[in-house]
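Please examine the model shown below together with the report that accompanies it.

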Amino acid sequence: MEIDEEGKAGILWLSYAKELRGMTMAKSIMVQGTMSSAGKSFIVAGLCRIFKQDGYRVAPFKSQNMALNSFITEEGLEMGRAQVMQAEAAGRTPSVYMNPILLKPTNDTGSQVIVNGKVRGNMAARDYFRYKTSLIPDVMHAYEKLSEDTDIIVIEGAGSPAEINLKEQDIVNMGMAKMADAPVLLVGDIDRGGVFAQLYGTYALLEPEEQKRVCGFVINKFRGDKTILDPGIDMLQERIPVPVLGVVPYMDVKVEDEDSLTERFSRKEKAGVDLAVIRFPRISNFTDFSVFEQMDNVSLRYVTSVRELGSPDMIFLPGSKNTMGDLKWMRQNGLEAAIKKRAGDIPVFGICGGYQMLGKTLSDPFGVEEGGILRGMELLPMDTVMREEKHTTQVEGRIGQLDGIFSVLDGQKIRGYEIHMGESTADAHAGFLCRIRKIGAGEETAGAETTDGLFANQVYGTYVHGIFDQGKIAWMIVQALAKKKNLEISSGEWMDYAAFKETQYDKMADILRQHMDMEAIYGLLR
């Protein structure tokens with residue numbers, strides 16, 4: 001019987017299974033990039049999906065992530081959302097072992113440092129640079145724990161391995177590759193131009209021992225006829241003895257991006273139902289709104305000015321790493337006044353920091369953010385006080401009895417997580433948005449039902465991240481807004497958001513299988 005090339009590759013991959021699973025430690029492969037936003041996170045997610053489809057126990061890993069998009073695990077621990085997305089692609093429950101160090105920028109020169117899911121404190125960039133090598137035992141402990149029930153670990157780097165001023169104490173690029181003894185795929189972004197210079201220059205700036213770890217180049221985000229690119233690939237390989245293992249096209253997939261470099265912030269087109277998200281300077285967890293992006297005739301725009309805001313059908317105030325500072329920013333550029341003018345005519349919905357802004361006052365007696373007391377937007381009857389300890393937990397519950405346009409949401413199930421420093425106290429006559437209970441291991445108050453969030457005059461707010469992801473909540477919101485405009489929006493291929501994401505991970509895997517040399521990549525794992 002004649003076997004085609006795909007069949008031969010399949011037999012070859014299966015022949016590795018016994019060898020891989022017989023090892024006490026997982027095999028690893030690392031994806032590094034020539035720059036930030038080269039597409040490392042997507043390549044890692046796609047590889048995780050492929051390995052899962054091929055029957056392996058696979059997990060993502062990023063020793064150090066800098067992002068304001070974070071997630072709370074079942075244990076109440078905090079990690080980066082990019083590794084959550086990759087864990088979903090791998091079919092794994094997210095774990096802080098996948099991202100032992102998370103840096104959440106508080107300003108241009110400092111970050112909150114989170115290790116193994118818990119806050120270690122705030123550090124200036126220079127202080128952290130000196131401190132980070134002391135975290136190597138934490139990194140390797142996480143990696144080893146992840147290895148215990150995993151066949152393949154797909155490691156993601158950060159930025160570029162050729163940042164020569166940072167290489168000496170690197171723990172996330174070539175330093176991590178050495179600790180894990182991992183072969184490296186180097187990804188370049190052709191969409192921004194100069195991909196051959198990116199790959200050649202990055203490789204040239206590596207030390208000889210580091211160059212030996214680079215086992216393949218990947219050209220990412222390609223548009224057009226690959227045959228036009230082939231002469232450039234031939235010339236690159238004449239100069240560098242590293243094969244190009246993939247030319248990956250620009251992937252039209254709707255999965256969560258890494259951080260504030262996301263391309264979704266540049267989308268300004270409007271559709272039948274127009275949703276506006278205020279893009280704060282310190283915006284966090286903008287993934288709360290990703291569910292709306294799968295819907296036809298719905299636009300989700302991130303805006304930074306009154307002119308960009310225009311006349312949307314609904315306004316979202318997302319989370320913020322500096323709630324008081326971002327509220328001042330809105331006050332100074334006129335967005336606060338514009339939102340208050342529209343409130344009552346259209347729905348305004350705040351989550352976490354955005355929810356806190358909607359209240360009467362924000363107080364910071366411990367200097368968690370900027371200290372002092374700040375007047376809020378005065379759209380919801382509550383006051384918020386910043387506390388020294390971060391509140392982190394997963395929750396589930398139901399939406400309460402709402403008034404007005406979103407009364408259709410009454411009783412809908414919700415599930416998500418809370419992550420905030422503030423504690424909000426509502427007036428006695430306030431209407432509560434939902435009733436929730438804490439869930440997850442190690443939670444002493446698990447099962448005790450409490451209220452969360454407020455609503456008044458088409459203004460809504462909650463601490464629950466992910467509140468729109470469950471069931472048809474997002475779809476019901478869009479339908480209510482469309483009905484107000486006498487607009488019909490077909491449900492089309494609408495599906496539960498979790499199910500939709502599964503289709504996107506499979507799509508990523510299909511694209512990578514078609515455009516990357518998976519036989520060679522499996523060979524690297526040997």
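## Basis of the model

The model is predicted: local features need pLDDT of at least 70, side-chain atom pairs count only at pLDDT 80 or more, and totals for chains, interfaces and linings use all residues. Residues are numbered from 1 along each chain as its sequence is written, and side-chain values use heavy atoms, with hydrogens and water left out.

## Overall form

The protein contains 16 helices and 25 strands; these are DSSP runs numbered from the N terminus, helices being H or I of at least four residues and strands E of at least two. Its radius of gyration is 24 Å, close to the 24 Å given by the globule rule for 526 residues, so the protein is as compact as a globular protein of that length. The radius is taken over C-alpha atoms, and the rule is 2.2 Å times the number of residues to the power 0.38. Along the principal axes, the C-alpha atoms fill a box of roughly 70 × 50 × 45 Å.

Of the 526 residues, 57% are buried, where buried means under 20% relative accessible area, exposed over 50% and partly exposed in between (1.4 Å probe, protein chains only). Among contacts (heavy atoms within 4.5 Å) between residues at least 6 apart in sequence, 74% join residues at least 24 apart.

## Nonpolar cores

A nonpolar core is a set of buried Ala, Val, Leu, Ile, Met, Phe, Trp, Tyr and Cys residues joined through side-chain atoms within 4.5 Å. The largest has 74 residues, of which Ile278, Phe292, Leu317, Met330, Phe406 and Phe468 touch the most other members. Helix α14 (residues 473-484) gives the most to this core, with 8 residues. Another core, of 52 residues, lies apart from it and includes Met30, Ile155, Phe222 and Ile419.

When residues up to four places away in sequence are not counted, the residues that Ile278 touches include Val303, Leu309, Phe316, Leu317, Trp329 and Met330. Trp329 and Met330 are also among the buried residues of helix α11 (residues 323-333).

## Backbone details

Helix α11 is followed by Gly334, which has a positive phi, near 90°. Most residues other than glycine have a negative phi.

Ser37 is placed in the loop between β1 (27-33) and α2 (40-53), and its relative accessibility of 28% makes it partly exposed. Lys221 belongs to strand β11 (residues 214-222) and is buried, with a relative accessible area of 11%.
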